[in-house]
Amino acid sequence: MFSRHLWEAEAGRTLVHRLDGRVKLVLLAVLGTGVILIDSPRTLFLLLAATLAGHLAARTSLRRWTLLAVFLLVAIWGSMVSQAMFYNQEPRSPLVCLVAPAAPVLGPLTGGVYIYQEGLAYGAVQAMRSCTMLAYGFLLCWTTEPRELLRGLVFWRLPYELSFMAVTGLRFLPVVLSETATVITAQRLRGLAATRAMSPAGAVGTAFRTLWPVLARSLRRAVTLAMSVESRGFGSGWRLAAMPPLTAGGKAALAGCLAAVVLAGAAKLLYVFQFNGWAHFAACRLVYDFARQWL
Amino acid sequence: MRASDLWRWSVVLVFAASLAALGWYVFGADAGARRTAGQEAGSGTYRQVAQLSLGQVEVKNYQWMGFTRGILRFSPDSGRLAVGTETGQVIMLSRAGEVLWRRPAGLGKVTALEFSPDGAALYVGETSADGNMYCLDAASGRERWKSGLAAELGVDIKRKSHPGVIRILADQAGWVFALAQRYDRSAAGESVYRGKIFCLSPEGGAIWQYPAGEAMDAWVNWMGADAQGRRLVFGTANFDTDRRYRYAKNVYCLDAVRGAEAWSAAVEPTPPFQRTIMRGSPNIAADGGYVAAMASDGRAFLFAADGRELWRRHLSAPQKIAGVYLNAVGRDAYILGDYAVFTTINTYNNANWQLPTPVEHPGSNSLFVFTIGGEFTAKWRAGGGIEEMAFAGGRLIAVAVGRNTKTKDPGVHGIYVLDMPNAAAVEKLATAGPCAAVAVSPDERLVAGIEAPLQLDDGSIIGGYRLWLWQKSGSR
């Protein structure tokens, strides 16, 4: 996990690697918007599955799959279990009674602890939203060189300064993790059992002992970087060389994304209008039915 | 394989399993059909053919007045079973329990199902802003035609007051009768009812409407027809006591050929009630000779074909105990050959149904059989609410037994098969949760039931929202 190479982009010849960075960024925006607007668990699951299929297509290594799996497992189980137990909306249907209201001590105190069916469903939806973005974020970072990302962001009219900061942030993440590993190794050489502290107090102590050196090194690195880019005229109108126009395939992918977003957005809007009682058009019944089931 | 790789593969496999479980939860939970290999049920007369999960519904408890619903209809040739679920699906099964097709109702809620007399078409009524009735191809589920019947009753999408087709009947000639209604509340808080009956040709063409040019200002919850489609009967359930209704009578009989009123009858209320309410009746005999009706106050009635009241019986008269009136609500009324069958459901406090009652009404949760002449023949105590009855062959009655809100005994839940005319229970097909619906195939070989989940007072959940299909394993 602390290996720098585990977080950085890796060269490859797969279709995912060859896909234009600009298209990947548009897909990121589409997915980000989609997972917020879509409420259907089925569609969200399909989006998550499609993103994971992207990892398969990109031939993500076992080590990276492990990292991704750990993050996604925490997101899925954390969200579903917590929402299932603490869901407070109505209606809520208990699936399993963990602590009966009549149970001694805990029963009267909690009024009963249940796994709620609606909470489970809500947790699943939230989990799939975050997992989709997490999985796609990893896919983007692992298959796209930071320079290509920077050029893509600039191409899509994001101010150069903001694009630079975003990509620098991405590049800093593996560096920080690598430095964390260095700090922990150094501490172990000095006799501290940093990674063996399983108790909460030990974990907090380790975190504090690790945090300060990593923070100090990060600040030092940031200052160096700032001076370096300032000395090269950062922010004074310097721009990247123009990118080549999108290929036909890239344009087609973008057009497909745009069409999907517009159509789904319009269907969702119509559904929201009828759901809230603002407008109902009998002729749009098929659209309503589709939106209810899939959006 | 190195230890680190083994660990990595383990993590990835756990993730794959979690993802598969999530996928099953998202896609499979609503479609879990499980065919069973002929397990014996009850005393061995029936064997279980299939069990089908009908999706996830809100789990209700004993404090709910209404309960989870479902609709079951066998095709006239007993070859197919149509299921309408609370989760908004129409499912067609073979008699072996295989799912032939599914059709989501989308925005609508499935509120009525009926096969055409030749079994080739399935009529589906929905409650939605469009209030459609659909005619589907029974073999494929493909839509043949649809009609926005309930559009004439208006809609208020802001208050979600939607029209719905709540009962469909088809006569032997193929004519289709659809009862549509809409409930709303006026600005003054008064209940506003709109009801209408439509007669359609098998192709969906309008033949007549009742009443023509307007809607009934009455809550019409039930409609029955004779086999030939010559007479149609319906009752009213107008709850507001201070209001004057134009359709104020309790039993109406229509000439089903012309869509005109043949006769109507007003039944005076019985104390302490101020209105006579009919929610699950009346019904007319297959030959049109008699009309049976059951009022919520526990009175059973039999009318002649011309509307004369032949007799009435107090099956669960309100009883005043400890200063409160107890009432076992009367609901169903059917005529089976030479007998009239009436049912009652749970005991309620007349002042407020949510308040407790000290005892069960002795006439509650029971099925009563009378001869057409009015002679008491039999009484069967179900132990729980009689949610629905189904008939076949003139001698067999299947009863779906649900919650008993007073004794709260889950042991009564299930489908009971009774033998007429003695109403003797010859089989109990037990289910964990309360039963919400029942159907019997015309060949008497199959019994289907819908079970609902129930939360007990200790917080535990019993049962599930599922369909049960049993087949008779031998002749009795």
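A residue is buried if 20 or more other C-beta atoms lie within 10 Å of its own, exposed if 12 or fewer, and partly exposed in between, with C-beta atoms placed from the backbone. With 21 C-beta neighbours inside 10 Å, B:Ala423 counts as buried. This is a predicted model, in which local features need pLDDT of at least 70, side-chain atom pairs count only at pLDDT 80 or more, and totals for chains, interfaces and linings use all residues. Residues are numbered from 1 along each chain as its sequence is written, while chains are lettered from A and ligands numbered from 1 in the order in which they are written. Helices (H or I, at least four residues) and strands (E, at least two) are DSSP runs, numbered from the N terminus.

**Helices of chain A**

- Helix α10(A) covers residues 248-275, which is 28 residues. At 1.5 Å a residue these should span 40 Å, and the end C-alpha atoms are 40 Å apart, so the two values agree. The expected span is 1.5 Å times one less than the number of residues.
- The buried residues of α10(A) are A:Ala264, A:Tyr271 and A:Gln274. Their cover includes α11(A), residues 285-294. Contact here means that the C-beta atoms of two residues, placed from the backbone, lie within 7 Å.
- Just after α10(A), A:Gly277 has a positive phi of about 80 degrees.
- Helices α7(A) (146-155) and α8(A) (160-189) have axes that come within 9 Å and cross at roughly 155 degrees. That makes α7(A) roughly antiparallel to α8(A). Angles under 35 degrees count as roughly parallel, over 145 as roughly antiparallel, 65 to 115 as roughly perpendicular and the rest as oblique.
- Axes are lines fitted to C-alpha atoms, for helices over the stretch in contact, and angles run from 0 to 180 degrees between N-to-C directions.
- The α7(A)-α8(A) crossing is right-handed. A crossing is right-handed if the near helix is turned clockwise from the far one by less than a right angle, and left-handed if anticlockwise.
- On the α7(A) side, the contact is made by A:Pro146, A:Leu149, A:Leu150, A:Leu153 and A:Val154. Residues from α8(A) include A:Tyr160, A:Phe164, A:Val167 and A:Leu170.

**A buried methionine**

- A:Met128 lies in helix α6(A). With 28 C-beta neighbours inside 10 Å, A:Met128 counts as buried.
- A:Met128 touches A:Pro41, A:Leu44, A:Phe45 and A:Leu48, leaving aside residues up to four places away in sequence.
- A:Met128 and A:Phe45 are 83 residues apart in sequence, yet 6.3 Å apart in space, C-alpha to C-alpha.

**Contact between the chains**

- Chain A puts 34 residues into the contact and chain B puts in 29.
- On the side of chain A that touches chain B, two or more residues each come from α3 (41-57), α4 (62-86), β1 (94-99), α6 (117-143) and α11 of chain A.
- Helix α4(A) gives the most to that side, with ten residues.

**Sheets of chain B**

- One open sheet has four strands in the order β16-β17-β18-β19, with antiparallel pairing. Two strands pair if DSSP finds at least two bridges between them.
- The edge strands are β16(B) (222-225) and β19(B) (260-265), each pairing on one side only. The twist averages 20 degrees from one strand to the next.
- Strands β17(B) (231-235) and β18(B) (251-255) pair antiparallel over five bridges. B:Phe234 stands opposite B:Tyr252 in β18(B).
- Another open sheet of four strands runs β20-β21-β22-β23 in chain B, again with antiparallel pairing. Its edge strands are β20(B) (283-284) and β23(B) (309-314).
- Two bridges join β20(B) to the antiparallel β21(B) (290-294). B:Asn283 has B:Ala292 as its bridge partner in β21(B).

**Hairpin of chain B**

- Six bridges join β31(B) (414-419) to β32(B) (424-430), and the two run antiparallel. B:Gly414 is partnered by B:Ala430.
- β31(B) and β32(B) form a hairpin with four residues between them.

**Backbone exceptions**

- Most residues other than glycine have a negative phi, and most peptide bonds are trans.
- B:Ala423, in the turn of the hairpin, has a positive phi of about 55 degrees, although it is not a glycine.
- A:Arg59 also has a positive phi of about 55 degrees. A:Arg59 lies in the loop between α3 and α4 of chain A. With 14 C-beta neighbours inside 10 Å, A:Arg59 counts as partly exposed.
- The bond from B:Met420 to B:Pro421 is cis, with omega near 5 degrees. B:Pro421 is in the loop between β31 and β32 of chain B.
- A cis peptide bond also joins B:Pro271 and B:Pro272, with omega about 5 degrees. B:Pro272 sits in the loop between β19 and β20 of chain B.
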